[in-house]
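This report covers a pocket and a helix. The sequence and the structure are shown below.

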Amino acid sequence: MATNPLFDLSGRTALVTGSTRGLGRAMIEGLARAGAAVVVNGTSPAGVAAAVAELRAAGFDANGVAFDVTDEAAIVAAFEGFDKAGTAIDILVNNAGIQFRKPMLELATADWRRVVETNLTGAFVIGREAAKRMVARGSGKIVNIGSLMSECARATVAPYTVSKGGIKMLTRAMAAEWAASGIQANAIGPGYMVTEMNKALIDNPDFDAWVKGRTPSKRWGKPEELVGAAVFLSSPASNYVNGQIIYVDGGMLSVL
Ligand code: GCO
């Protein structure tokens, strides 16, 4: 089967945070299918082991590392482990994230902090550790996962909105500081996708109807529909793309 070298990830290793399920699980399989050796991440060692086993059973070069993206010591230790093992993380997908829906007037500061720490600070810390090695090698790809909320707010998801708006600007900050060292830092903004995180919304007939009515494509997105953008931003095809965010949202952000 002809593969275009522009989109060939052979010989590269990709770490995808939060890749035992949902969007991360779909993207990590897509990167493996494009030739990358992959490193699964999640907070649960059992969940990581199960995803690694599935990917290996499908014939892919898969390993795993369990850490919580809010645990800086664990992140530093994980990258020291990669160094010791001679594993160069060529591609980092900062996907791990949580959602917490509550009106701000009722929102505890601890819940605000938890969402922002996980979704935004985690991407910074892991990005910094990966970029230290990428800068030394003179190349690397960082793909941050944003959201429709990187552009627009929706009531009751303020910390998530703030964190995803921050992801868009963190992506540009990464480009500003690391592009000269051969790193391309970009983002993907998923639309309303069918994931566990959105189960409460999908199961709500009014919200489901709103998504289908508000989206030009008249449907929710499938996690595997992010793979194309993830492979593009992880491959040589994007070597002169930096600081960008690509919305995979069925057209939602483009229309009133
Ligand atoms: C919500 C959803 C959204 C989606 C996604 C949209 O409560 O509105 O969770 O935030 O998860 O981020 O891009």
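Helix 1 gives 3 residues to the lining of the largest pocket, the largest share. The model is a predicted one. In this model the largest pocket holds about 850 Å³ of space. Its lining is made up of 40 residues, and those nearest the pocket centre are Asn95, Ala96, Gly97, Ile98 and Met197. Two or more lining residues come from each of helix 1 (22-33), strand 2 and helix 5 (158-178).

Helix 3 is the next topic. The helix runs over residues 72-85, and its 14 residues should span 20 Å at 1.5 Å a residue; the end C-alpha atoms lie 20 Å apart, which agrees. On its buried side are Ile75, Ala78, Phe79 and Phe82. These buried residues fall within an arc of 90° when seen down the axis of helix 3, so they line one face of the helix. An α-helix has 3.6 residues a turn, so residues three or four places apart point the same way. The face turned away from the buried side of helix 3 carries the exposed residues Ala73 and Lys84.

The buried residues of helix 3 pack against these elements:

| Element | Residues |
|---|---|
| Strand 1 | 13-16 |
| Strand 2 | 37-42 |
| Strand 3 | 62-66 |
| Helix 4 | 109-137 |

After helix 3 comes Gly86, which has a positive phi near 70°.

Note on methods: Residues numbered from 1 in each chain as written. Predicted model: local features only at pLDDT ≥ 70, side-chain atom pairs only at ≥ 80, totals over all residues. Heavy atoms only, no water. Helix = DSSP H or I, 4+ residues; strand = E, 2+ residues; numbered from the N terminus. Expected span 1.5 Å × (residues − 1). Buried < 20%, exposed > 50% of the residue type's maximum accessible area, 1.4 Å probe, protein only. Arc of directions from axis to C-beta. Contact = heavy atoms within 4.5 Å. 1 Å grid on protein atoms, 1.4 Å probe; cavity = no way out; pocket = protein on both sides within 12 Å on 5 of 7 lines; lining within 4 Å. Points joined across faces, edges and corners; volume = space filled by probe spheres on them.
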